[in-house]
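Please look over the ligand site and the backbone of this model. My notes follow as numbered points.

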Amino acid sequence: MASNFMSVQERRIATLSGHFRGAAAVEEELLQRFPTMAMAPSVFEHVQQAPEDPILGVTVAYNKDPSPLKVNLGVGAYRTEEGKPLVLNVVRRAEQQLVADRSRNKEYQPITGISQFNKLSAKLILGANSPAIAENRVATVQALSGTGALRVGAEFISRHYAKPIIFLPNPTWGNHNKIFPLGGVPQKPYRYYDPKTRGLDYEGMLEDLKAAPDGAVILLHACAHNPTGVDPTEEQWEGIRQVIRSKHQLPFFDCAYQGFASGSLDKDAHAVRLFVADGGECFVAQSYAKNMGLYGERVGALSVVCTNAAVASRVDSQLKLVIRPMYSSPPAHGAAIAATILADGRLFQEWTVELKGMADRIISMRQQLYDALQARGTPGDWTHVLKQIGMFTFTGLNKSQVEFMTRQYHIYMTSDGRISMAGLSSKTVPHLADAIHAAVVGAQRKS
Ligand code: PGU
């Protein structure tokens, strides 16, 4: 039976003859001779359409909406009062310095990235006087932002740790659930958030940590827990530390918001430093996406704090074996910007001022939203808007209320009711408050 598909030779002849007769004529003739050509089956015919990402997909939907009223409170990305993305002044200055420096080149970075960047990143999170750094027992590698640091950490744990299972807070940043299992570390939840109090389920959390196996890896948000905005108090952190250490569990800190929660880099590092101060081991994933506004530059670091320098050095050598077949070596530009800022006293000082400015604007958005809801007499207790910490408010609005707000008010947010306070401005607060009010009152009428 003659095949309906073209051989390579037939294609070549068809292409050549096209030169003489015009592409349209050839196309028509080909379709007559090979009727199935236009719909030749693909070897990927079975591939299913994947759903959009629960967080980044919100921006996709937002971009498609032509309404001038639209507001994107989905992704955790800082916006100015004018609703625009912000490039920090210190970042611009550092970039200018880098561009002007003709001695710089575009050579490959080492597998673990810029070593000065790594040292300064460890210092930023562990503290300038950290004994762990002084004793040379921290292995730090540059990573593709926080996500990349988590993924490299996961793969290292799956290869080298006797208890490769990780306990994640419930709820947590949605990508954690994928990063760890795909990196070879199965995950389980521990209780964290109590929807009734809209606060920490401290007792439940401790119970679950005690019930988790000895040696299990425990993921902790270093500050500004995403999505809930609920952090343990300093006393609670101490209680958590005692349980984790008594069970010889391995803390894995995800630190995506240092300086963004309180406005102070040191204060936001409290939990990590508390665990490092007891001399025990831990992992720390750092991101400069939010605190330096380097989102798209993908700048981050992974530190493994070990009990001695010899282990740290061997860990470092094995981290290279994780990274090399994954992406070989990290990009230079963003980490060079961060290193320039971290290394220069004046730029560093300026950065802390700009960082505080961002944190303060977010805090003022909390007050404005709370006041706007009070002014409308929106039913319910909204004090959690003021109490929660960091970039997000976990509003307590349910999926159908979120859908209503998107449909009627063009407000985009994740379906779990999380809103990015950093995406709000004085101009958009009234619109958001109207939407929340209508969603809450509408839901009350229905029930
Ligand atoms: N860890 C936590 C707790 C985060 O919230 C985020 C970002 C990351 C790690 C990863 O950030 P990197 O950009 O890789 O450094 N979460 C934001 C950004 C959007 C996203 O989901 O990646 C968010 O809106 O939740």
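1. Start with Arg 418. An N or O atom in the Arg 418 side chain lies 2.9 Å from an oxygen atom of the ligand. Arg 298 also uses an N or O atom of its side chain, 2.8 Å from a ligand oxygen. Gly 76 contributes a backbone N or O atom, 2.7 Å from an oxygen of the ligand. A polar contact here is a pair of N or O atoms within 3.5 Å. Alone, the ligand exposes 530 Å², and the protein buries 92% of that (Shrake-Rupley areas, 1.4 Å probe).

2. On provenance: the model is predicted, with local features needing pLDDT of at least 70 and side-chain atom pairs pLDDT 80 or more, while totals for chains, interfaces and linings use all residues. Numbering runs from 1 along each chain as its sequence is written, and side-chain values use heavy atoms, leaving out hydrogens and water.

3. Which residues of the shell are closest to the ligand? They are Ser 145, Thr 147, Asp 254, Tyr 257 and Ser 287, out of 19 that surround it (a heavy atom within 4 Å). By class, the shell has eight nonpolar, seven polar and four charged residues; Gly counts as polar, Tyr and Cys as nonpolar. Helix H7 (residues 145-160) gives the largest share, three residues (helices are DSSP runs of H or I, at least four residues; strands are E, at least two).

4. Why does the ligand lie between domain 1 (56-86 + 357-446) and domain 2 (108-343)? Because both domains give residues to the shell. The bounds come from an automatic or database domain assignment.

5. Now the backbone. Most residues other than glycine have a negative phi, and most peptide bonds are trans. Check two cis bonds. Asn 170 and Pro 171 are joined by one, with omega about 0 degrees; Pro 171 is in the loop between strand E3 (166-170) and helix H8 (176-182). Another joins Asn 226 and Pro 227, with omega about 15 degrees. Pro 227 is in the loop between strand E7 (217-221) and helix H10 (234-246).

6. Asn 136 lies in the loop between helix H6 (131-134) and strand E2 (138-144).

Definitions and conventions: Polar contact = N/O pair within 3.5 Å; in protein donor to acceptor, adjacent residues only side chain to side chain.
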